[in-house]
Amino acid sequence: MRIERIELRYIKIPLRHHFETSFGRAWGRDTILVTVWADGVEGWGESPVEDGPWYSPETVETAWHVQRDFLVPLLLGQQVDAAADAFERMARVRGHTMAKAGLEEALWDVEARQKGVSVAWLLGGVRPRIESGVSVGIQDTLDELLERVEGFLAQGYRRIKVKIKPGWDVEVVRALRQRWPAVPLMVDANSAYTLADAERLAALDEFGLLMIEQPLAYDDIYEHSLLQRQLKTPLCLDESIHTPAHARAALELGSCRIINIKPGRVGGLAQARRIHDLCRERGVPVWCGGLLEVGVGRAHNVAIASLPGYTLPGDVSASDRYFERDVVEPPFRLNADGTIDVPQGPGIGVTVDRAWIDRLTVRREVFSA
Ligand code: NPQ
Ligand code: MG
């Protein structure tokens, strides 16, 4: 593939309902869509950054800067044999995994379209449908949370994840368990606790949770290993795993028993697959997280989640979980059995809605070889 042209778009899209985590409440989604043209074929990817450095240190502005000034020059005019090599091509730039992910995903879409296969197939996906879970934000009241969870269960979601923070944890989980004793349930703290809270977290053991996600610092691996020894519930790492080396360290140390792999967080699909492979060799289950991606990033998440080691329902929900109108056609829909179909058409297997994307775009820049 000779990379001829790259386009960056900063888009802003409203959320149907606010999404609150321990790091704050969001009402809308600011993200970057990337389009790459190679040999006349167009491909799409998403850098799922935010307006501020809340979940990740990256933001719309840092990603745009690193893409425009460093990553695009490394790719433009270059011959790349396979999308699987793109991450290595960008290796001179340290970190900035979200900035890299959008470009890399777009190349997977190009390569798959050139070959007339789906991104899922090109990656080695084996599942025609993925099991879908839902992540539920912190609400103003417990009644509101119960009502939202009830709605998602009625739609068929296979697993419920609720966001927790000190003061919105044990009582919330107790209430959920009283109402739904057997529903697959887990919690995500987004780094809201410290080791001093170990007892409070151990109080969650009695509720049979699938896992507790990222309770300690966003950049910690070691202290999670100390915490895991004090808990029956498996820990799952999210924020602190950016590379296969991080994943290996976490598994060797016993910092977690499950890993949430998000292509956006680890620099794209090839790195996600490497972490998947490493976990699979060790019999460690993985699942695909979400960063409230619009349809483009969502399509890549669906594709990677079709790999054999993604054995747990993830946070890849239907488009209408977050958006009134998604940027792809058709939008991702939840089947009655709580699954989402893996598109079988070429590339990401869905069509971008250019007119709608144009209306959401607040900045655009084109680079040509
Ligand atoms: C997580 N995602 O697993 C993240 C947190 C996250 C689906 O729970 C805007 C608003 C961007 C909220 C990025 C889910 C966000 C966001 C990430 C939440 O930790
Ligand atoms: Mg998380």
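Modeller: The protein has 13 helices and 15 strands, where helices (H or I, at least four residues) and strands (E, at least two) are DSSP runs numbered from the N terminus. Its radius of gyration, taken over C-alpha atoms, is 20 Å, close to the 21 Å that the globule rule (2.2 Å times the number of residues to the power 0.38) gives for 369 residues, so the protein is as compact as a globular protein of that length. This is a predicted model, in which local features need pLDDT of at least 70 and side-chain atom pairs count only at pLDDT 80 or more, while totals for chains, interfaces and linings use all residues. Residues are numbered from 1 along each chain as its sequence is written, chains are lettered from A and ligands numbered from 1 in the order in which they are written, and side-chain values use heavy atoms, with hydrogens and water left out.

Now the sheet. Seven strands form an open sheet in the order S5-S6-S7-S8-S9-S10-S11, with parallel pairing; two strands pair if DSSP finds at least two bridges between them. Strand S5 (134-136) and strand S11 (286-288) are the edge strands, each pairing on one side only. Inside that order, strand S7 (residues 185-188) runs parallel to strand S8 (residues 212-213) and is joined to it by 2 bridges. Val187 has Ile212 in S8 as its bridge partner.

The C-alpha trace spans about 60 × 40 × 35 Å along its principal axes.
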